[in-house]
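Hi,

Here is the structure I said I would pass on. Have a look at it first, and then read my notes below.

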Amino acid sequence: MKHHTRLLLCRLGFVLLCALPTAVVIGWVVSRSVFGIGIASKAEWQETLTSRLGLVVEIGEVHYPQPGVARLSGCKLLEPETGQLVAEASHVEIADTAVGWQIATEQLTIEQQYLRLIAHVLEERVLRGVSATSLKRSRSQQIQFIPRDIFLRQGQKVQSLARFGGRVQLEEQQTSGEW
(Lines give C-alpha, C1' and ligand atoms only; values in the text may rest on other atoms or scores of the structure.)
Protein backbone atom coordinates (compact mmCIF):
# COMPACT_ATOMS: atom_id res chain seq x y z
CA MET A 1 0.00 0.00 0.00
CA LYS A 2 1.39 3.37 -0.98
CA HIS A 3 2.13 6.09 1.53
CA HIS A 4 -0.44 8.42 -0.04
CA THR A 5 -3.20 5.78 0.27
CA ARG A 6 -2.32 5.05 3.92
CA LEU A 7 -2.35 8.75 4.72
CA LEU A 8 -5.77 9.15 3.06
CA LEU A 9 -7.18 6.17 5.03
CA CYS A 10 -5.83 7.57 8.30
CA ARG A 11 -7.40 10.95 7.65
CA LEU A 12 -10.71 9.38 6.68
CA GLY A 13 -10.64 7.19 9.82
CA PHE A 14 -9.90 10.24 11.99
CA VAL A 15 -12.80 12.20 10.51
CA LEU A 16 -15.31 9.30 10.74
CA LEU A 17 -14.27 7.91 14.12
CA CYS A 18 -13.13 11.03 16.01
CA ALA A 19 -14.09 14.38 14.55
CA LEU A 20 -17.65 13.57 13.43
CA PRO A 21 -18.81 11.90 16.71
CA THR A 22 -17.22 14.72 18.72
CA ALA A 23 -19.01 17.36 16.63
CA VAL A 24 -22.34 15.56 17.10
CA VAL A 25 -21.89 15.38 20.90
CA ILE A 26 -20.86 19.06 21.10
CA GLY A 27 -23.91 20.07 19.02
CA TRP A 28 -26.20 18.03 21.28
CA VAL A 29 -24.74 19.59 24.48
CA VAL A 30 -24.96 23.13 23.10
CA SER A 31 -28.57 22.66 21.92
CA ARG A 32 -29.60 21.35 25.37
CA SER A 33 -28.03 24.30 27.17
CA VAL A 34 -29.32 26.97 24.77
CA PHE A 35 -32.97 25.87 24.83
CA GLY A 36 -33.31 25.74 28.64
CA ILE A 37 -36.40 23.77 29.67
CA GLY A 38 -37.02 22.79 26.06
CA ILE A 39 -35.18 19.55 26.56
CA ALA A 40 -37.28 17.56 29.00
CA SER A 41 -39.15 14.63 27.53
CA LYS A 42 -42.71 13.64 28.33
CA ALA A 43 -41.46 11.00 30.77
CA GLU A 44 -39.22 13.53 32.55
CA TRP A 45 -42.11 15.98 32.91
CA GLN A 46 -44.40 13.25 34.25
CA GLU A 47 -41.79 12.02 36.73
CA THR A 48 -40.87 15.50 37.98
CA LEU A 49 -44.45 16.71 38.37
CA THR A 50 -45.57 13.46 40.02
CA SER A 51 -42.69 13.74 42.49
CA ARG A 52 -43.38 17.42 43.18
CA LEU A 53 -47.16 17.20 43.51
CA GLY A 54 -47.60 13.80 45.14
CA LEU A 55 -50.32 13.08 42.56
CA VAL A 56 -49.88 10.88 39.51
CA VAL A 57 -49.43 13.10 36.44
CA GLU A 58 -50.19 11.83 32.94
CA ILE A 59 -49.29 13.92 29.90
CA GLY A 60 -50.34 13.28 26.31
CA GLU A 61 -47.68 15.33 24.51
CA VAL A 62 -44.98 17.92 25.22
CA HIS A 63 -44.15 20.74 22.80
CA TYR A 64 -41.77 23.67 23.05
CA PRO A 65 -43.20 26.56 21.00
CA GLN A 66 -40.28 28.83 21.99
CA PRO A 67 -37.26 28.71 24.31
CA GLY A 68 -38.25 28.72 27.97
CA VAL A 69 -41.87 27.72 27.27
CA ALA A 70 -43.27 24.21 27.57
CA ARG A 71 -46.77 23.29 26.38
CA LEU A 72 -48.14 20.11 27.92
CA SER A 73 -51.20 18.65 26.17
CA GLY A 74 -53.72 16.18 27.55
CA CYS A 75 -52.74 16.57 31.22
CA LYS A 76 -54.41 14.53 33.95
CA LEU A 77 -53.89 14.47 37.71
CA LEU A 78 -54.80 11.17 39.34
CA GLU A 79 -55.16 10.27 43.01
CA PRO A 80 -52.16 7.98 43.68
CA GLU A 81 -53.94 5.31 45.76
CA THR A 82 -57.16 4.86 43.78
CA GLY A 83 -56.19 6.18 40.35
CA GLN A 84 -59.33 8.37 40.32
CA LEU A 85 -59.28 11.50 38.18
CA VAL A 86 -58.61 14.62 40.30
CA ALA A 87 -58.25 17.22 37.51
CA GLU A 88 -57.58 17.45 33.80
CA ALA A 89 -56.62 20.15 31.33
CA SER A 90 -56.44 20.10 27.57
CA HIS A 91 -53.26 22.23 27.70
CA VAL A 92 -50.92 23.58 30.35
CA GLU A 93 -48.34 26.16 29.30
CA ILE A 94 -45.40 26.73 31.64
CA ALA A 95 -43.00 29.61 31.04
CA ASP A 96 -39.79 30.32 32.94
CA THR A 97 -39.52 34.11 33.16
CA ALA A 98 -37.04 36.44 34.86
CA VAL A 99 -39.30 36.82 37.93
CA GLY A 100 -40.49 33.21 38.19
CA TRP A 101 -42.95 30.79 36.62
CA GLN A 102 -46.04 31.65 34.58
CA ILE A 103 -48.63 28.88 34.37
CA ALA A 104 -51.64 29.00 32.04
CA THR A 105 -54.22 26.26 31.56
CA GLU A 106 -56.89 25.62 28.97
CA GLN A 107 -60.12 23.80 29.79
CA LEU A 108 -59.07 22.97 33.35
CA THR A 109 -61.69 20.75 35.00
CA ILE A 110 -61.38 19.85 38.67
CA GLU A 111 -63.41 17.12 40.35
CA GLN A 112 -65.13 18.95 43.21
CA GLN A 113 -64.67 16.09 45.70
CA TYR A 114 -60.88 16.55 45.45
CA LEU A 115 -60.75 20.31 46.18
CA ARG A 116 -59.34 19.72 49.68
CA LEU A 117 -56.68 17.41 48.28
CA ILE A 118 -55.67 20.04 45.72
CA ALA A 119 -55.56 22.76 48.40
CA HIS A 120 -53.36 20.50 50.54
CA VAL A 121 -51.04 19.76 47.59
CA LEU A 122 -50.72 23.47 46.76
CA GLU A 123 -50.00 24.40 50.37
CA GLU A 124 -47.64 21.59 51.38
CA ARG A 125 -45.91 20.52 48.20
CA VAL A 126 -45.94 23.49 45.85
CA LEU A 127 -45.73 26.62 48.02
CA ARG A 128 -43.53 25.22 50.76
CA GLY A 129 -41.53 23.02 48.38
CA VAL A 130 -40.81 25.85 45.93
CA SER A 131 -39.83 28.25 48.67
CA ALA A 132 -37.30 25.76 50.02
CA THR A 133 -35.69 24.79 46.71
CA SER A 134 -36.04 27.68 44.27
CA LEU A 135 -35.14 30.43 46.66
CA LYS A 136 -31.64 29.04 47.01
CA ARG A 137 -30.81 30.55 43.63
CA SER A 138 -32.53 33.89 44.32
CA ARG A 139 -33.96 35.84 47.25
CA SER A 140 -37.48 36.05 45.79
CA GLN A 141 -39.49 34.21 43.17
CA GLN A 142 -42.99 34.41 41.81
CA ILE A 143 -45.52 31.88 40.51
CA GLN A 144 -48.18 33.52 38.37
CA PHE A 145 -51.36 31.71 37.34
CA ILE A 146 -52.67 33.35 34.16
CA PRO A 147 -56.43 34.06 34.44
CA ARG A 148 -58.50 31.40 32.72
CA ASP A 149 -61.82 29.68 33.26
CA ILE A 150 -61.82 26.73 35.63
CA PHE A 151 -64.61 24.19 35.74
CA LEU A 152 -65.66 22.35 38.91
CA ARG A 153 -67.39 19.05 38.18
CA GLN A 154 -69.54 17.06 40.58
CA GLY A 155 -71.14 14.14 38.78
CA GLN A 156 -73.07 15.61 35.84
CA LYS A 157 -73.14 19.18 37.23
CA VAL A 158 -70.43 21.63 36.19
CA GLN A 159 -69.76 25.08 37.68
CA SER A 160 -67.45 27.67 36.16
CA LEU A 161 -65.03 30.04 37.84
CA ALA A 162 -64.62 32.79 35.26
CA ARG A 163 -61.21 34.40 34.79
CA PHE A 164 -59.62 32.72 37.81
CA GLY A 165 -55.95 33.60 38.33
CA GLY A 166 -53.44 34.62 40.92
CA ARG A 167 -49.88 35.35 41.85
CA VAL A 168 -47.79 33.96 44.67
CA GLN A 169 -44.66 35.81 45.80
CA LEU A 170 -42.19 33.49 47.51
CA GLU A 171 -39.56 35.01 49.76
CA GLU A 172 -37.08 33.53 52.20
CA GLN A 173 -39.14 34.25 55.32
CA GLN A 174 -42.74 34.20 54.07
CA THR A 175 -45.10 33.41 51.23
CA SER A 176 -47.68 35.97 50.15
CA GLY A 177 -50.26 35.81 47.42
CA GLU A 178 -53.28 37.36 45.80
CA TRP A 179 -56.16 35.65 44.02
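Start with I110: leaving aside neighbours within four places in sequence, I110 is in contact with V86, A87, L115, I118, I150, F151, L152 and R153. Keep in mind that this is a predicted model.

I110 also turns up in the largest nonpolar core, which has 24 residues. Along with W45, I59, L72, V92 and L108, I110 is listed among those with the most contacts inside that core. Which elements give two or more residues to it? They are α2 (42-53), β3 (69-78), β4 (85-96), β6, α3 (115-133) and β7. The largest share, five residues, comes from β4. As background, nonpolar side chains in soluble globular proteins tend to be buried together.

Is E111 buried or exposed? Its relative accessible area is 14%, so E111 is buried, as the cut-off for buried is under 20%. Not counting residues up to four places away in sequence, E111 touches L85, V86 and R153.

Over in strand β7 (residues 140-154) you'll find F145. F145 counts as partly exposed because its relative accessibility is 22%. F145 and F164 are 19 residues apart in sequence, and their C-alpha atoms are 8.3 Å apart in space.

Finally, go to helix α1 (residues 3-34), where L17 is found. L17 has 68% relative accessibility, so it counts as exposed.

Cheers

Note on methods. Residues numbered from 1 in each chain as written. Predicted model: local features only at pLDDT ≥ 70, side-chain atom pairs only at ≥ 80, totals over all residues. Heavy atoms only, no water. Helix = DSSP H or I, 4+ residues; strand = E, 2+ residues; numbered from the N terminus. Buried < 20%, exposed > 50% of the residue type's maximum accessible area, 1.4 Å probe, protein only. Contact = heavy atoms within 4.5 Å. Core = buried A, V, L, I, M, F, W, Y, C linked by side-chain atoms within 4.5 Å.
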